[in-house]
Amino acid sequence: MLLKAFLALLIVVAFSMPGSVVVMAQKKPKQQQSVTYSCPMHPDFKSKKPGRCPKCGMTLRPDTPAPTPTRAEAKTESSSFSSMQIPNVKVYDQNGKVLDFYTDLVKGRNVAINFIFTTCTTVCPVLSATFRRVQVELENSQSDTRLISISVDPTVDTPERLRDFAEKFKAGPGWTFVTGDKTEIDSLLQRLGAGVGNKNDHTSMILIGNDTADVWTRTYGLSSPTVILKVITDTASRK
């Protein structure tokens, strides 16, 4: 009791002394993080508000940090993959045309293949916007490389849905979107090294090939168009 009384007396004396200052701990207000929106097709256009891109009319997306690639993803590497592994399964393009995948899309060509699905709201719009920018550069350089986007969700992605998706990203001639019977597409994905149990877990890698020379490479699909274009050009030049 005497100790408590003595401590109380010390506190009273301290607060009564001239010039004494009472410092109160205050919680700093949390600062709200500002959200910036950009266009998948025109990433240089930025806005503080949601809306549509004035250049192409696409819905602006909140900027989020790009997924950190794993060590395997971040580097481009030669692949032991061979054209002989590509099955000649029946598929449909975005116009509903029936194609033999290997014969009609790959045989004797330089190709770049990515994997998407139309209801994806994360990496697929970025992969597709990047592919479009790559296609523009390929057209400017008069390259004959073909682009192929295979749906990992064929039961939902009908040719009509793929056509709408292709139009959204202004896909030009030489960029084919592929769907088909789920069994056939699953087999195709497995043979290309892109099989998935869950569509959301599909790879962000691009399979790039020179079928004539049977040279194949995989590179990270979220790299810049310039990096991807260089890999395509280098692969196409192989003999």
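For the classification of lining residues, Ala, Val, Leu, Ile, Met, Phe, Trp, Tyr, Cys and Pro count as nonpolar, Asp, Glu, Lys and Arg as charged, and the others, Gly among them, as polar. On this basis, the lining of the second largest pocket divides into six nonpolar, five polar and five charged residues. The structure is a predicted model.

Strand 9 is covered on both faces. Trp175 and Phe177 are buried on one side, and Thr176 and Val178 are buried on the other. Strand 9 runs parallel to strand 8 (146-151), and four bridges join the two strands. Within this pairing, Phe177 of strand 9 is the bridge partner of Ser149.

Strand 8 is itself mostly covered, with five of its six residues buried. Strand 8 is also joined to strand 7 (110-116); here six bridges are found, and the two strands again run parallel. Asn114 stands opposite Ser149 of strand 8 in this pairing.

Strands 10 and 11 form an antiparallel pair. Strand 10 (residues 205-210) is joined to strand 11 by six bridges, and Ile208 stands opposite Thr217 of strand 11. The two strands form a hairpin with four residues between them. Strand 11 (residues 215-220) is mostly covered, six of its six residues being buried. Val215, Thr217 and Thr219 lie on one side of strand 11, whereas Trp216, Arg218 and Tyr220 lie on the other, and both faces are covered.

Positive phi values in residues other than glycine occur at Asp214 and Lys170. Asp214 belongs to the turn of the hairpin, in the loop between strand 10 and strand 11, and its phi is near 50 degrees. Asp214 is classed as partly exposed because its relative accessibility is 33%, which falls between the limits of 20% for buried and 50% for exposed. Lys170 is found in the loop between helix 5 and strand 9, and its phi is near 55 degrees. With a relative accessibility of 41%, Lys170 is likewise partly exposed.

Several polar side chains in loops are buried and take part in contacts. Thr118 is found in the loop between strand 7 and helix 4 (123-140) and counts as buried at 14% relative accessibility. The side chain of Thr118 makes a polar contact of 2.4 Å with the side chain of Asp157 and another, of 3.3 Å, with the side chain of Arg161. Asp153 lies in the loop between strand 8 and helix 5 (159-168). Its relative accessibility is 8%, so Asp153 also counts as buried. A polar contact of 3.2 Å joins the side chain of Asp153 to that of Lys199.

The structure holds zero disulfides. A disulfide is a covalent bond between the sulfur atoms of two cysteines. Cys120 is buried, with a relative accessible area of 8%, and Cys124 is buried as well, with a relative accessible area of 0%.

Helix 7 (residues 225-236) contains Ala236. This residue counts as partly exposed because its relative accessibility is 26%. Ala236 and Ser143 are 93 residues apart in sequence, while their C-alpha atoms are 9.2 Å apart in space.

Definitions and conventions:
Residues are numbered from 1 along each chain as its sequence is written. This is a predicted model: local features need pLDDT of at least 70, side-chain atom pairs count only at pLDDT 80 or more; totals for chains, interfaces and linings use all residues. Side-chain values use heavy atoms; hydrogens and water are left out. A disulfide is a pair of cysteine sulfur atoms within 2.5 Å. Buried means under 20% relative accessible area, exposed over 50%, partly exposed in between (1.4 Å probe, protein chains only). Two strands pair if DSSP finds at least two bridges between them. A polar contact is a pair of N or O atoms within 3.5 Å; within protein, one must be able to donate a hydrogen and the other to accept it, and residues adjacent in sequence count only if both atoms are side-chain atoms.
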